[in-house]
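Trainee: Could you take me through the side-chain contacts and the ligand site of this structure?

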Amino acid sequence: MSQSITRQNFDEWMMPVYAPASFIPVRGEGSTLWDQQGKDYIDFAGGIAVNALGHANPDLRKALEEQAAKFWHTGNGYTNEPILRLAKQLIDATFADKVFFCNSGAEANEVALKLARKYAHDNFGPNKSGIVAFKNAFHGRTLFTVSAGGQPAYSQDFAPLPPQISHAIYNDLQSASELINENTCAVIVEPMQGEGGVVPADPTFLQGLRELCDRHNAVLIFDEVQTGVGRTGELYAYMHYGITPDVLSTAKALGGGFPIGAMLTTDKFSKVMVVGTHGTTYGGNPLAGAVAGRVMEIINTPEVLNGVKQRHAWFVERLNKINQKHQLFSEVRGLGLLIGCVLQPEYSGKAKLILQAAAQEGLMMLIAGANVVRFAPALIVSEAEVQKGLDRFERACERFLAGEQS
Ligand SMILES: *Cc1c(COP(=O)(O)O)cnc(C)c1O
C-alpha cells in the first residue's frame, strides 16, 4: 500500500531547513520534468549544477543498472573495478596523481582542509594551521566547511567554530596577501563563486594566490564542486584559467545525480594521508564509480565541452535581449553554463520572486543570494529546450514586473 503524498506533507514531516517549491516533480526526461498534476517544467536548475546530462539519461541508467545487478557495496576493506577506472580517468584528465572518493562536496572540501593541516604540521610544525578563505564563499555545511565559507549567517549559530580561519575579499589580491603568511597552511577558493552570486575570478587574482601559496608553502585548494566536470566549458575551471591548484574538490556534476565527491591532488601532498588518517563508509562505492565513470566519458569530449560554450552564447544572447526590453538586470555574467543575472538596485533582494514566477510559468531555475538569478542547466540541454525555457523566463520577468507595479 502506498500513501498519497502532497507538498503539505513536507511541512508536516521534514525538518524545516528547506522551503521547496509548491509542486512535486515525479518524472523527468532530458531537461524537462513533470509534476504530480502532469504540468511540465523546463529545468534550468539542473539539481543545482548536478544533472549535467539531464534526467533519466539512458547511458547513465545503463551504467547504474549494470552495476546494480552485480554488487552495490563492500566497504573500504575491498576495492572495486569501477572506482579504480574512475580514478584513472580523473588522473589522466587533470593535474592529479591521487584521488580520494567521498559522497558530497562538503566531504571533498573537508578532506582537502584536513590534508592541508596535516601536510603543514608534518612538514613545518604545529603552528602552521591558518586557513585563508573568502567572503561570500560557499564550501559546504559541515562545521569545518561552513566555517571556511564566507557567509556568517550560515555558521554563527553553530559556534564555537573551528579556529584559525580568516576571510579575505574575493578578487582582491591585496586583502588576501594581508592574511597569507608563514602560518598559513591552506588557501581555499572557488575559481568562480557559485552560491556567492556567480562571480568569476579575475585571472590575476588566482595567479596571485598561486604565487602567495608557493612563497609561504601553503596548499592552494580550488573548490570546483560547482564549476567542475564541464560546467565552464572546460573539464575543470582551472584549465580555463591556466592556473593549477595543489588540491581540487569535485562533486555535484561528477555523478550526474548520483551522490559522489572526490578530492584530487598530487603525490607530494597525498602521501601524508597514510592508512587510518581519514575515511568514509560509502566513499568509492561501485555504484557511484560506475555512474561517474560514464559521466566523465561523455562530458570529457570536445563535442560536449564545445557544446557548453555554444549554449552559453544562446543563453547570453537571449538574456541580453530580454534585458534590453525590460531593464531588469545590471549585468549578465558567468562562464559556460553557470550564468547569473544581477538585479538592478531597484529590484534588489527580489530574486526569489522571479524564481517563484518562473515556477508558475513552468520553469525551474536558481538564485544565488537575494540579488542574482542563476541558471545551471544540463550541459547537453537542447536548443529547443533553451528557447522554450527562456520564453518562459521572459514571461516570468513580465509577471514579476506586473506584480511590482500593482
Ligand atoms: C554545492 C557546493 C558545495 C557543497 O557540496 P555538497 O554536496 O552540498 O556538500 C561546496 N562547494 C561549492 C562551491 C558548492 O557549490
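Mentor: What follows covers salt bridges, aromatic rings and the ligand site.

Mentor: This is a predicted model, in which local features need pLDDT of at least 70 and side-chain atom pairs count only at pLDDT 80 or more, while totals for chains, interfaces and linings use all residues. Residues are numbered from 1 along each chain as its sequence is written, and side-chain values use heavy atoms, with hydrogens and water left out.

Trainee: How many salt bridges does a search of the whole structure find?

Mentor: Side chains of opposite charge can pair when their charged atoms come close. Here a salt bridge is a side-chain nitrogen of Lys or Arg within 4 Å of a carboxyl oxygen of Asp or Glu. Over the whole structure, the search gives 21.

Trainee: How far apart are the closest N and O atoms of Arg-7 and Asp-11?

Mentor: Both residues belong to helix 1 (residues 7-13), and being four residues apart they are separated by about one helical turn. Helices are DSSP runs of H or I with at least four residues, strands are runs of E with at least two, and both are numbered from the N terminus. Arg-7 and Asp-11 form a salt bridge, with their closest N and O atoms at 3.1 Å.

Trainee: Is Asp-11 buried or exposed?

Mentor: Buried means under 20% relative accessible area, exposed over 50%, and partly exposed in between, with a 1.4 Å probe and protein chains only. The relative accessible area of Asp-11 is 55%, so Asp-11 is exposed.

Trainee: Which residue forms a salt bridge with Glu-404?

Mentor: The closest N and O atoms of the pair are 3.0 Å apart, and the partner of Glu-404 is Lys-350. The pair links distant parts of the chain, 54 residues apart: Glu-404 is in helix 15 (residues 383-405), and Lys-350 is in the loop between strand 14 (338-343) and helix 14 (351-361). Glu-404 is partly exposed at 29% relative accessibility.

Trainee: What is the geometry of the ring pair Phe-44 and Phe-375?

Mentor: Rings of Phe, Tyr and Trp (its six-membered ring) pair if their centres lie within 6.5 Å; planes under 30 degrees apart count as stacked, over 60 as edge-to-face and the rest as tilted. Phe-44 is buried at 0% relative accessibility, and Phe-375 is buried at 0% as well. The ring centres of Phe-44 and Phe-375 are 5.9 Å apart and the planes stand at 80 degrees, so the pair is edge-to-face.

Trainee: Which residues do ring pairs link into a cluster?

Mentor: The count of aromatic pairs is 14. Ring pairs join these residues into a cluster: Phe-44, Phe-315, Phe-329, Phe-375 and Phe-393.

Trainee: Which helix gives the largest share of the shell around the ligand?

Mentor: A residue is near a molecule if one of its heavy atoms lies within 4 Å of it. Residues surrounding the ligand include Ser-104, Gly-105, Asn-109, His-139 and Glu-190. The largest share of the shell, three residues, comes from helix 5 (residues 105-124).
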